[in-house]
Structures are given as structure tokens and as C-alpha cells.
Amino acid sequence: MAEYKVSLPAKLINGGVAGLVGVTCVFPIDLAKTRLQNQQGAQVYKGMLDCLTKTVHSEGYFGCYRGAAVNLTLVTPEKAIKLAANDIFRQKLSKDGKLPLWGEVLAGCGAGTCQVVVTTPMEMLKIQLQDAGRLAAQRPVPTPAQAAGPAPSLVAPPPAQPTPPNRLSATSITLELLKTRGLAGLYRGAGATLLRDVPFSMIYFPLFANLNSLGQRGAGPGCQGDVQRRAPFLQSFMAGCAAGSVAAVAVTPLDVIKTRLQTLQKGEGEDSYRGVVDCTRRIMRREGPSAFLKGAACRALVIAPLFGIAQGVYFLGVGEMVLGLLE
């Protein structure tokens, strides 16, 4: 069977389109995941559905998409780099269209490493915007006595001027970080991001490739691992969902640590951390081992369709169609 080779521009377009479609579909669940992972003392939310219900009630429907603009802007290069890098590494490491398991793991490791340059600042900005609603919900509401103030006097007080709430934006956060901490501020938690994304890719890509190969067209005995054969759309979609959910749950403890390290504003009584080791020790001591699995179900529900859609669009060849129209 002739090899099916995809050009680099087509891979980048496929990865970008896949990321945009996937993020649009699952972003509210990702918001719930971030808020649940950041809860330390006061439990504002009891679970994913409770979090989404309270978010819609207090912030409106579009409150579920706080931080989505950052993600939609940067997910195109992030997903494009991740998927294209994995494909390139797999092609370089394969011989006669065959790739051993160690090559699949190494290709995934390379892809996860490459994407961190975009993932870290994207996650940094997204987390601040997503968590703002949780911090606002933790602030104490003034009692009627406090709202009434001191006993009335004969002199009428000046009318109270309402103070509009400070609404964070990605631009204001970026400028503040660059001004106070320099470029390193945007890459806070880069080590934790690397510790999460490299193992994720090392699990996801080999698992996806092997699940996907079960439905490759014309695949027979000895065709396992052929990096250029194509599977049907449904097979690619289901393989992406299954591999994504397994990899997502496996690295959830590392995702909790990354989220805690990258959250700049803390609620009352919440810990700040000096690094990965300090964060791990404090979470274990104060919240127990179960805290490392906070948001695991949300993360699986986010990653499974996200990567299912990504691989489905990727294997539909949207990039090739776009390039064909431009020729």
C-alpha cells in the first residue's frame, strides 16, 4: 500500500482547526476543573455540575467561557505544534513505515516538550481568568447591619458611589506580569507544565497509534505501527477519546500541582507554594492524597472529546482541503 504523506503546512492547519473546534466544545468543563482543583479550605463547589450551575447563576452563561479567548488564540499554535511535532518525530524514528514502542514513547516525549513553549503562558493566563469567579464567590457578603453602617445622624451622608468590580483581562494580566516579573512571569510553572505534558504525550500518542491501527484501512498482520496508514474517521475519533481520557486521568496529580503553582491570587487561608516539591508536600499534609485527584473526572471529560475531535479533524484532512483551495 502506498504511503500517505501529509505536508507540514497541512499538519499545522489540521492541528489548529482541531484545537479551535475542541476547545469551543469543552471549555466550560475545563473551567470547572480549574476551580475544583484550586479549592483548598472553603468548599465553594461540591462538584462539576454544582460548579457550572453556580457559575451560570452568578456570572451568566458566558461566565463559563472566562479565559476562552486566551485559549482560542493560543490553542491553534499549541495543538499544531503538538500534533505536527509528534508526526515529524514518528516519521524520523520509523524504518520502512514501522515504529517500535520505544520510538512511539520518544516521539510523544518530543511532542510534549515542544508544546510547552506555548502551553505555559496560555495556561498561566487562562487559570487567572477562570479562577476569578471562585475567588469572588469566597469573599464574604456584608450582613444587613454592616450594609446599613453606623447609626443615622442628622446630617445626610453623601450618596454612596458604587465601585465597579475589577474585571481581569488577559492583556492586563500579561502587562502586569511583564512589568513586575519580566518574561519569566509568563512562564511561572513551566517545570510543572513540562512534568505534566511530557508524560501525557508519552502515554497518549503510543496508545492512540495502537488503538487507531486496529481500524486502519487495509491493515493486516504485520501492519501494526505503520505511521502513514489512515483509519476511518470514527476509528480515529474513538481512539483519540479513549487514549485522551486514560492519559488525562494518569497525569491529573501533576495537573493539580501545575494549577496550584500557576494561580497567582489565593483565597483566604489558602497556601502559596515555592515549587513542585513544596506544593506536593503541603497538599499531602493539609488535604491528603485524594486532593491530587481533584478534577480528574472533569479532566477526562475535557481531554477525551478534545483529542477525539482533534484526531478526527486531523485525519479528515481539513488542512489538505484548505491548501487545495488556495492552489
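**Helical packing and nonpolar core of the predicted chain**

Apart from its neighbours within four places in sequence, Ile 303 is in contact (heavy atoms within 4.5 Å) with Phe 200, Gly 244, Ala 248 and Gly 308. The model is predicted, with local features requiring pLDDT of at least 70 and side-chain atom pairs pLDDT 80 or more, while totals for chains, interfaces and linings use all residues. Residues are numbered from 1 along each chain as its sequence is written, and side-chain values use heavy atoms, leaving out hydrogens and water.

Ile 303 also belongs to the largest nonpolar core, a group of 37 residues. Such a core is a set of buried Ala, Val, Leu, Ile, Met, Phe, Trp, Tyr and Cys residues joined through side-chain atoms within 4.5 Å; buried denotes under 20% relative accessible area, exposed over 50%, and partly exposed in between (1.4 Å probe, protein chains only). The members touching the most others are Phe 200, Tyr 204, Phe 208, Ile 303, Leu 306 and Phe 307. Two or more residues each come from H1 (8-38), H2 (48-59), H3 (68-93), H8 (190-213), H9 (233-250) and H12 (296-316). H12 gives the most, ten residues.

Helices (H or I, at least four residues) and strands (E, at least two) are DSSP runs numbered from the N terminus. The chain has 13 helices and zero strands. Of its 327 residues, 50% are buried. Among contacts between residues at least 6 apart in sequence, 81% join residues at least 24 apart.

Leu 234 lies in helix H9 and counts as exposed because its relative accessibility is 58%.
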